Amino acid sequence: MDNKQNDEAMQDEMTEELFPENVIVLVDENDTAQPFELIGDFDFEDSAYAVVAPYAPDEEADETTVMVFRIADEDGEDVLYEIDDDEEWNRVVDYWNQSM
């Protein structure tokens, strides 16, 4: 098992042991793991999207920061990608807001 696979296995194990089922751990560009609550997922315009919020179990959220990612399948695993295209972002956010 190479280092990347080992890191992924440890991350999966950490997520299963420490967080509820609806919490995922995302790794940022600095290789820092952060837990996020999966608010929902949906299909729109031939793509799948995930809506997540920072996981804070002990805090009451007055105002929650919500992020939307495009979901892609890579080797049978769901991978989340930032939406870089402003037009796509606007359409996706409008769709999400209307479905709420």
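Two strands pair if DSSP finds at least two bridges between them. Strands here are DSSP runs of E with at least two residues, and helices are runs of H or I with at least four, numbered from the N terminus. The model is predicted, so local features need pLDDT of at least 70 and side-chain atom pairs count only at pLDDT 80 or more, while totals for chains, interfaces and linings use all residues. Residues are numbered from 1 along each chain as its sequence is written, and side-chain values use heavy atoms, with hydrogens and water left out.

The hairpin of β1 and β2 has five residues between the strands. Asp-31 lies in that loop and has a positive phi of about 60°, although it is not a glycine. With a relative accessible area of 67%, Asp-31 is exposed; the term means over 50%, whereas buried means under 20% and partly exposed lies in between (1.4 Å probe, protein chains only).

Strand β2 also pairs with strand β3, residues 47-54, in the antiparallel sense, over eight bridges. Here Asp-43 stands opposite Ala-48 in β3. The hairpin of β2 and β3 has two residues between the strands, and Glu-45 takes a positive phi near 50° in it.

Further along, the loop between β4 and β5 holds Asp-75. Asp-75 is not a glycine, yet its phi is positive, at about 55°. Its relative accessibility is 81%, so Asp-75 counts as exposed.

Asp-75 and Asp-43 both belong to a patch of negative charge on the surface, together with Asp-41, Asp-73, Glu-74, Glu-77 and Asp-78. Patches are made of residues with over 30% relative accessible area and no salt bridge; like charges are joined within 9 Å, and nonpolar side chains (Val, Leu, Ile, Met, Phe, Trp, Tyr) within 5 Å. The areas come from the Shrake-Rupley method with a 1.4 Å probe, and for residues only the protein chains shown count as cover. A salt bridge is a side-chain nitrogen of Lys or Arg within 4 Å of a carboxyl oxygen of Asp or Glu. Asp and Glu count as negative and Lys and Arg as positive, with His and the chain ends not counted.

Which strands each supply at least two residues of the negative patch? They are β2 (33-44), β4 (67-74) and β5 (77-82). Asp-41 is found in β2, and at 53% relative accessibility it counts as exposed.

Notes: Charge placed at Lys NZ, Arg CZ, Asp CG, Glu CD.
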